[in-house]
Amino acid sequence: MKQSIFEILSQEQLTRDVFRTVFAADTSEVKPGQFVNILLDGLYLRRPISVYDADDSTLTIIYKVVGRGTAQLSKLPVGAKLDVLSGLGNGYDTESAGDKPLLIGGGVGVPPLYLLSKKLLAAGKDVTVILGFNTADEVFCKREFEALGAKVLVTTVDGTAGIRGFVTDALGKAGDYTHVYTCGPEPMLRAVYDKTVTSGQYSFEERMGCGFGACMGCTCRTKYGSKRICKDGPVLTKEEIVW
């Protein structure tokens with residue numbers, strides 16, 4: 001964990017309520033699947049947001065405005081400085097990918113898969129990504145994944161873009177895969193768990209107090225005992241999940 005001051009370099013609205021914020025920050029050690037915890041004026045608890053991309057000089061997040069904190073963050077101007085904890089959480093293990101990893105994201109579960117996809121492709125993996133949304137107006141980051149070189153399948157519940165249905169309805173078009181990486185709402189994770197045939201890594205969403213394991217507020221039960229989503233997760237292996 002590292003505490004530092006991040007400066008906003010750019011703000012971009014991607015859909016009606018999804019925003020992309022780029023910070024100036026030294027985050028070269030951030031791993032795919034980790035998150036940052038952002039302190040905002042007037043709010044007691046920090047806001048945990050997954051990392052979309054990171055390099056030696058910038059860190060990018062993509063998030064949905066769902067409450068007071070994210071609404072405040074989306075309105076901050078370029079140049080604003082924020083107190084941020086980075087390098088939080090147990091991210092994805094890329095060593096387990098095999099030759100043909102399958103990445104599955106639903107809604108705001110899509111962003112943490114971007115840095116993961118970049119790392120896997122750089123390692124010579126044949127990456128397929130399934131992105132799930134409710135409707136065409138909510139689709140984001142399809143072109144960004146394609147630009148990396150991944151095969152991208154989009155699903156929408158109402159059929160207005162890509163394949164009609166849920167992310168699991170695209171599994172038949174994904175081809176063979178060696179490992180599953182996924183992030184999204186719990187009903188989606190459960191469906192992926194039931195419908196996929198390989199081992200995998202599942203990133204869970206949970207309300208957090210401290211974000212680094214001190215308060216025990218996000219503890220969950222696994223087959224190997226209690227774990228904290230913020231520190232031992234948010235990524236859990238398929239083999240340890242208890243529904």
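## Salt bridges, cores and rings in a predicted model

Lysine 118 is partly exposed, its relative accessible area being 29%. The model in which this residue sits is predicted. Lysine 118 forms a salt bridge with aspartate 53, and the closest N and O atoms of the two are 2.9 Å apart. Because aspartate 53 belongs to strand 4 (residues 47-54) and lysine 118 to helix 2 (residues 112-122), the bridge ties together parts that are 65 residues apart in sequence. Aspartate 53 is buried, with a relative accessible area of 14%.

### Other salt bridges

The structure has 8 salt bridges by the rule applied. Side chains of opposite charge can pair when their charged atoms come close. In one of these bridges, the side chains of lysine 227 and glutamate 240 meet at 2.6 Å, N to O. This pair also links distant parts of the chain: lysine 227 is in strand 14 (residues 225-228), while glutamate 240 is in the segment after strand 15 (235-237), 13 residues away. Lysine 227 is partly exposed at 23% relative accessibility, whereas glutamate 240 is buried at 5%.

Arginine 20 and glutamate 12 form another bridge through their side chains, with an N to O distance of 3.0 Å. Here arginine 20 is buried, at 13% relative accessibility, and glutamate 12 is partly exposed, with a relative accessible area of 37%. Both residues belong to a network of salt bridges that links Glu12, Arg20 and Glu144.

The three bridges described by distance are listed below.

| Lysine 118 | Aspartate 53 | 2.9 Å |

### Nonpolar cores

The largest nonpolar core has 27 residues. Leu102, Ile104, Ile130, Val192, Tyr202, Phe204 and Ile229 have the most contacts inside this core. At least two core residues come from each of strand 6 (81-88), strand 7 (101-106), helix 4 (171-174) and helix 5 (186-195). Helix 5 gives the most, with 4 residues.

Leaving aside residues up to four places away in sequence, isoleucine 229 touches Phe204, Glu206, Met208, Cys218, Cys220, Pro234 and Leu236. Another core, of 24 residues, lies apart from the largest one and includes Tyr52, Leu103, Leu113 and Tyr181.

Tyr181 is also one of the contacts of alanine 97. Alanine 97 is placed in the loop between strand 6 and strand 7. Besides Tyr181, alanine 97 touches Leu120, Thr178 and His179, not counting residues up to four places away in sequence. The C-alpha atoms of alanine 97 and glycine 200 are 8.7 Å apart, although 103 residues separate the two in sequence.

### Aromatic rings

The whole structure contains 9 aromatic pairs. For phenylalanine 6 and phenylalanine 23, the ring centres are 5.6 Å apart and the planes meet at 55 degrees, so the pair is tilted. Phenylalanine 6 is buried at 1% relative accessible area, and phenylalanine 23 is buried at 0%.

One aromatic cluster is formed by Tyr193, Tyr202, Phe204 and Trp243. Tyr202 and Phe204 are also among the residues with the most contacts inside the largest core. Over the ring of tyrosine 193 sits the charged end of lysine 238, 5.2 Å from the ring centre.

### Cysteines

How many disulfides are there? The count comes to 0. A disulfide is a covalent bond between the sulfur atoms of two cysteines. Cysteine 210 is in no disulfide, and the nearest cysteine sulfur, that of cysteine 215, lies 3.8 Å away. Cysteine 210 is buried, at 15% relative accessibility. Cysteine 220 is likewise in no disulfide; the sulfur of cysteine 218 is the nearest cysteine sulfur, at 7.9 Å. Cysteine 218 and cysteine 220 are both among the residues touched by isoleucine 229.

Note on methods. Residues are numbered from 1 along each chain as its sequence is written. This is a predicted model: local features need pLDDT of at least 70, side-chain atom pairs count only at pLDDT 80 or more; totals for chains, interfaces and linings use all residues. Side-chain values use heavy atoms; hydrogens and water are left out. A nonpolar core is a set of buried Ala, Val, Leu, Ile, Met, Phe, Trp, Tyr and Cys residues joined through side-chain atoms within 4.5 Å. Buried means under 20% relative accessible area, exposed over 50%, partly exposed in between (1.4 Å probe, protein chains only). Contact means heavy atoms within 4.5 Å. Rings of Phe, Tyr and Trp (its six-membered ring) pair if their centres lie within 6.5 Å; planes under 30 degrees apart count as stacked, over 60 as edge-to-face and the rest as tilted. A charge sits over a ring if NZ of Lys or CZ of Arg is within 6 Å of the ring centre and within 35 degrees of the ring normal. A disulfide is a pair of cysteine sulfur atoms within 2.5 Å. A salt bridge is a side-chain nitrogen of Lys or Arg within 4 Å of a carboxyl oxygen of Asp or Glu.
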